[in-house]
Amino acid sequence: MRLYLKVAGTAANAGCRPSASAMCNTGVMPQAADGKPTLTSAELATLRQWIQDGAPAPTR
């Protein structure tokens with residue numbers, strides 16, 4: 001679910017444990033110039049459903 005929170009721009013520090021060698025990136029991923037989510041609401045809904053369905057690996 002962290003993946004969804006990051007792309008939706010709502011992760012903040014959810015689930016992140018900073019250490020001496022790594023900090024938490026609280027920004028949206030992928031990063032946008034304005035800091036807003038880069039996926040559309042339809043894309044976010046698809047991603048959320050994929051995760052809820054068990055996030056099966058893509059087939060080739």
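Modeller: Let us begin with Leu 47, which is found in helix 2. Helices here are DSSP runs of H or I with at least four residues, strands are runs of E with at least two, and both are numbered from the N terminus. Please note that this is a predicted model, in which local features need pLDDT of at least 70, side-chain atom pairs count only at pLDDT 80 or more, and totals for chains, interfaces and linings use all residues. Residues are numbered from 1 along each chain as its sequence is written, and side-chain values use heavy atoms, with hydrogens and water left out.

Biologist: Is Leu 47 buried or exposed?

Modeller: Leu 47 is buried, because its relative accessible area is 15%; buried means under 20%, exposed over 50%, and partly exposed in between, with a 1.4 Å probe and protein chains only.

Biologist: Which residues does Leu 47 touch?

Modeller: Leaving aside residues up to four places away in sequence, Leu 47 touches Leu 3, Tyr 4 and Val 7. A contact means heavy atoms within 4.5 Å. The C-alpha atoms of Leu 47 and Tyr 4 are separated by 7.0 Å, although the two residues are 43 apart along the chain.

Biologist: And where does Tyr 4 sit?

Modeller: Tyr 4 belongs to helix 1. Tyr 4 is buried, since its relative accessible area is 14%. Not counting residues up to four places away in sequence, its contacts are Leu 44, Leu 47, Arg 48 and Ile 51.

Biologist: Which residues make up the largest nonpolar core?

Modeller: That core has five residues: Tyr 4, Val 7, Ala 8, Leu 44 and Leu 47. Helix 1 (2-8) and helix 2 are the elements that each give two or more residues to this core, and helix 1 gives the most, with three. The term denotes a set of buried Ala, Val, Leu, Ile, Met, Phe, Trp, Tyr and Cys residues joined through side-chain atoms within 4.5 Å.

Biologist: Changing topic, how many residues does helix 2 have?

Modeller: Helix 2 (residues 41-52) has 12 residues. From first C-alpha to last, helix 2 reaches 16 Å, close to the 16 Å expected, where the expected span is 1.5 Å times one less than the number of residues. Helix 2 is followed by Gly 54, whose phi is positive, near 105 degrees.

Biologist: What about the chain as a whole?

Modeller: The protein chain has two helices and zero strands. Of its 60 residues, 15% count as buried.
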